[in-house]
Amino acid sequence: MRTLIMKSVAALALTATVSAPIAMAADTAEEKAVKARRGYFQVVLINAGPLFGMAKGDIDYDAEAASTAAANLDALAGMNVLNMYPAGSDKPSLPGKSRAQDKIWSDLDGFIGKFQDFGKATDGLVAAAGNGLDALRPAVGALGASCKGCHDNYRDKDF
Amino acid sequence: MSKVSEPVRERVWDPLVRIVHWSLVITVVAGFLIGENMSFANIGWHFWMGYATGALLLIRIIWGFVGPAPARFSHMLTGPRQVIDYAKTVRKRSPSHWPGHNPLGALSAVALWAVLAGLVITGLCSESEDFFETAPLAGYLPSDLRLEMTGLHDDLHEILVPLVFLHLGAIAFYHFWKRENLIRPMITGWKWVRRD
């Protein structure tokens with residue numbers, strides 16, 4: 001009898017432990033959107049990283065790699081990203097998960113303008129990437145400025 | 001009227017205090033301006049201004065323990081009693097002739113140094129997600145703490161600005177209201193003081 005109770009308690013505890021993360025793992029539509037856009041920026045990051053590395057002299061300039069990264073960034077900047085920004089996916093609604101300021105939704109045109117700046121910067125990158133380090137460097141500077149232009153205005157510093 | 005001795009001209013600010021003070025003016029103003037207008041081209045300079053500010057603060061803090069009396073924390077940090085007593089007299093339209101940091105001014109100086117130290121420490125742990133630059137200590141931190149530090153660095157600079165204006169405002173108040181020039185002593189070291 002005693003062992004039966006112990007076993008039941010253990011089984012219950014185990015069920016609770018296993019099922020709790022599963023219950024938490026069910027994302028809402030807004031949480032899915034946040035995950036999607038954070039993934040999107042990871043893809044931006046993996047392409048922009050080598051370009052910044054070359055511009056700073058941390059890694060050797062490679063015209064082909066630079067052109068590939070520039071083309072990828074240009075494709076990313078050409079995406080319509082608004083389906084990753086549904087209402088209710090701002091930081092106040094999803095604290096700890098999102099850094100997106102609610103200003104994005106109250107000033108959607110301004111926010112879209114920042115993505116257009118990103119597109120202009122990647123146009124410049126595509127044109128410059130294959131033409132040597134001296135051409136690449138200012139284009140990377142413009143890319144960084146476009147990142148900053150949006151981050152300073154529409155994103156919080158932390159979660 | 002209480003008995004008042006005649007003011008004498010004394011060298012209150014030693015050369016190290018003066019050099020550190022004016023060097024901090026340069027590194028902090030430059031660091032601030034670069035920070036406000038950061039770009040891929042100048043972010044490295046912001047880092048250098050931070051390192052210089054940190055080194056100057058370190059020297060000044062050590063000097064606060066081993067330097068001449070007016071430079072020492074033990075001399076400038078009095079107590080709440082003296083601060084209140086001094087605050088009561090501060091409106092008088094006459095020079096303080098204080099031989100060093102007065103009790104109220106000392107609080108402002110220490111607050112400035114503390115905020116600057118905080119900016120240096122959080123800056124060393126920060127990263128720029130715009131320009132793919134990480135400060136020397138940021139790499140040792142988990143990414144959420146790094147973001148926390150970057151956010152704190154940003155918050156602290158919002159505190160620095162009013163503190164600097166309070167500092168400048170106090171100097172203007174002493175100059176125009178109390179007719180006491182506090183800038184010249186910080187250049188020459190010599191100040192009219194009263195020993196009592």
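In chain B, residues 24 or more positions apart account for 68% of the contacts with a separation of 6 or more, two residues being in contact if their C-beta atoms, placed from the backbone, lie within 7 Å. The corresponding share for chain A is 70%. The structure is a predicted model, in which local features need pLDDT of at least 70, side-chain atom pairs count only at pLDDT 80 or more, and totals for chains, interfaces and linings use all residues. Residues are numbered from 1 along each chain as its sequence is written, and chains are lettered from A and ligands numbered from 1 in the order in which they are written.

Chain B contains seven helices and four strands; these elements are DSSP runs numbered from the N terminus, with helices (H or I) of at least four residues and strands (E) of at least two. Read from the N terminus, the order in chain B is β-α-α-α-α-α-β-β-α-α-β. The C-alpha atoms of chain B occupy a box of roughly 65 × 30 × 30 Å along the principal axes. Chain A has six helices and zero strands, giving the order α-α-α-α-α-α from the N terminus.

Of the 196 residues of chain B, 23% are buried. In chain A, buried residues make up 23% of 159 residues. A residue is classed as buried if 20 or more other C-beta atoms lie within 10 Å of its own, as exposed if 12 or fewer do, and as partly exposed in between, with C-beta atoms placed from the backbone.

In chain A, helix H2 (residues 29-56) packs against helix H6 (residues 133-154), the axes coming within 9 Å and crossing at roughly 125 degrees. Axes are lines fitted to C-alpha atoms, for helices over the stretch in contact, and angles run from 0 to 180 degrees between N-to-C directions. H2(A) and H6(A) are therefore oblique to each other, given that angles under 35 degrees count as roughly parallel, over 145 as roughly antiparallel, 65 to 115 as roughly perpendicular and the rest as oblique. The crossing of H2(A) with H6(A) is left-handed, a term applied if the near helix is turned anticlockwise from the far one by less than a right angle (right-handed if clockwise). H2(A) contributes Ala48(A), Leu51(A), Phe52(A), Met54(A) and Ala55(A) to the contact, and H6(A) contributes Leu133(A), Leu136(A), Arg137(A), Val140(A) and Leu143(A). By class, these residues are nine nonpolar, no polar and one charged; Ala, Val, Leu, Ile, Met, Phe, Trp, Tyr, Cys and Pro count as nonpolar, Asp, Glu, Lys and Arg as charged, and the others, Gly among them, as polar.

The largest nonpolar core has 23 residues, of which Leu51(A), Phe52(A), Ala66(A), Leu125(A), Leu136(A), Val140(A) and Leu143(A) touch the most other members. Such a core is a set of buried Ala, Val, Leu, Ile, Met, Phe, Trp, Tyr and Cys residues joined through C-beta atoms within 7 Å. Two or more of its residues come from each of H2, helix H3 (63-77), helix H5 (108-128) and H6 of chain A. Leaving aside residues up to four places away in sequence, Ala66(A) touches Leu51(A), Met54(A), Tyr61(A), Ala129(A), Gly130(A) and Leu136(A).

Between the chains, 13 residues of chain A are in contact with 13 residues of chain B. H2 and H6 of chain A each supply at least two residues of the chain A side, and H6(A) gives the largest share, seven residues. This side of chain A comprises six nonpolar, four polar and three charged residues.

In chain B, the axes of helix H1 (residues 15-36) and helix H2 (residues 43-66) come within 9 Å and cross at roughly 155 degrees. H1(B) is therefore roughly antiparallel to H2(B). The two helices, H1(B) and H2(B), form a left-handed crossing. Among the residues making the contact are Leu16(B), Val20(B) and Leu24(B) of H1(B) and Trp45(B), Met49(B) and Trp63(B) of H2(B). The contact of H1(B) with H2(B) has 12 nonpolar, seven polar and one charged residues.

Phe65(B), also in helix H2 of chain B, is exposed, with 10 other C-beta atoms within 10 Å. Beyond residues up to four places away in sequence, Phe65(B) touches Arg72(B) and Phe73(B). Glu127(B) lies in strand E2 (residues 127-128) of chain B and is partly exposed, with 18 C-beta neighbours inside 10 Å.
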